[in-house]
Amino acid sequence: MAETLTFPAPAAASLERHLPPRDGPAPKRPFVTLTFATSLDSALSLAPGVRTHLSGPGSKAMTHYLRSRHAAILVGVSTVLADDPGLSCRLHGSASQPRPIVIDPRLRWTPRSTDQVFEVCRSGAGLAPFILTGLSEAEIPPEPARLLQQHGGKYIHIAPDTCSRDRIRFDWNDVFQRVLSEGLTSIMVEGGGQVINSLLDPTCHHLVDSVIVTIAPTWLGKGGVVVSPGRVCDAEGTPQAAARLSNVAWHPLGEDVVLCGTLAPR
């Protein structure tokens with residue numbers, strides 16, 4: 001059985017202004033927190049598909065505290081295929097569990113009952129995922145659909161923003177509004193690289209309310225999956241900074257440092 005984690009109250013209080021409000025009127029869009037752990041060379045993992053542990057004990061507990069404060073956890077399908085994550089909150093005393101949301105436009109993941117997310121669900125320590133796909137209901141395999149339904153999850157169709165032979169892309173506005181329609185008013189976006197980089201694109205900054213980054217004191221080296229949004233240039237073609245944080249706060253947690261802020265308007 002996975003360990004139960006604790007996060008000190010003073011540390012939790014220091015993060016409060018970066019988290020979804022605990023009460024208030026129904027929002028018009030979900031509160032979105034973009035959070036991830038990175039190395040000193042901005043890498044999420046050693047290589048595509050390679051599970052890489054970066055967070056120390058303190059920042060790992062912080063991640064589960066953040067999960068306790070959000071209604072949903074969102075990840076891309078590559079993260080599910082690489083890590084087989086449980087996508088649950090293991091914080092001691094947590095009263096609820098976040099709903100896993102998996103972005104899987106072409107259904108690269110075939111859910112199986114032995115996947116950790118379903119084992120966690122059956123143990124009562126988590127929820128089954130909602131899988132967002134660009135495929136129609138007729139194209140969804142029946143066995144995985146039944147498995148999801150048995151555990152309380154489901155496939156959700158999202159109309160593609162762009163579609164090519166090799167890739168389906170969603171508009172993040174459509175994704176977040178569809179998640180909100182399920183009663184999920186806050187979303188913790190955890191990865192992977194493509195998801196994070198796409199939300200760091202200037203066209204998406206207005207959709208992200210908070211950024212919380214754990215920085216580990218290590219270099220992973222070249223060839224890793226790197227957080228680096230696409231190049232931005234001005235009208236004359238001169239390169240510009242793609243994104244910058246404002247309202248910045250730094251919080252040491254063991255050997256790691258946690259950076260909190262909001263995406264500054266360009």
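Mentor: Two strands pair if DSSP finds at least two bridges between them. Helices (H or I, at least four residues) and strands (E, at least two) are DSSP runs, numbered from the N terminus. This is a predicted model, where local features need pLDDT of at least 70, side-chain atom pairs count only at pLDDT 80 or more, and totals for chains, interfaces and linings use all residues. Residues are numbered from 1 along each chain as its sequence is written, and side-chain values use heavy atoms, with hydrogens and water left out.

Trainee: How do you know that strand 4 and strand 5 pair?

Mentor: Strand 4 and strand 5 (residues 130-133) share 3 bridges in the parallel sense. The definition asks for at least two, so they pair. Isoleucine 103, for example, has leucine 132 of strand 5 as its bridge partner.

Trainee: What makes the crossover from strand 4 to strand 5 right-handed?

Mentor: The chain goes from strand 4 through helix 4 (residues 116-122) to strand 5. With the strands pointing away from the viewer, a path from the first strand over the helix to the second that runs clockwise is called right-handed. This β-α-β crossover is right-handed, and strand 3, helix 3 (residues 77-83) and strand 4 also make a right-handed β-α-β unit.

Trainee: How many bridges pair strand 3 with strand 4?

Mentor: Strand 3 (residues 72-76) and strand 4 pair over 5 bridges, in the parallel sense. Leucine 74 has isoleucine 101 of strand 4 as its bridge partner.

Trainee: Why is strand 4 called largely enclosed by the rest of the structure?

Mentor: Buried means under 20% relative accessible area, exposed over 50%, and partly exposed in between (1.4 Å probe, protein chains only). In strand 4 (residues 99-103), 5 of the 5 residues are buried, so the strand is largely enclosed. Arg99, Ile101 and Ile103 point one way, Pro100 and Val102 the other way, and all are buried.

Trainee: What makes glutamate 16 and arginine 22 a salt bridge?

Mentor: A salt bridge is a side-chain nitrogen of Lys or Arg within 4 Å of a carboxyl oxygen of Asp or Glu. The closest N and O atoms of glutamate 16 and arginine 22 are 3.7 Å apart, so the pair qualifies. Glutamate 16 has a relative accessible area of 28% and is therefore partly exposed, whereas arginine 22, at 60%, is exposed. Glu16, Arg22 and Arg69 are linked in a network of salt bridges, and the structure holds 7 salt bridges.

Trainee: Why is arginine 67 called buried?

Mentor: Its relative accessibility is 11%, so arginine 67 counts as buried. Arginine 67 forms a salt bridge with glutamate 190, with the closest N and O atoms 2.8 Å apart. The pair links distant parts of the chain, 123 residues apart: arginine 67 is in helix 2 (residues 57-68) and glutamate 190 in strand 9 (residues 186-191). Glutamate 190, at 19%, is buried too.

Trainee: Where is confidence lowest, and where is it highest?

Mentor: pLDDT is the predictor's confidence in each residue, from 0 to 100. Strand 7 (residues 162-163) is lowest, at a mean of 70, and strand 4 highest, at 98. The protein chain averages 93, and 97% of the residues score at least 70.
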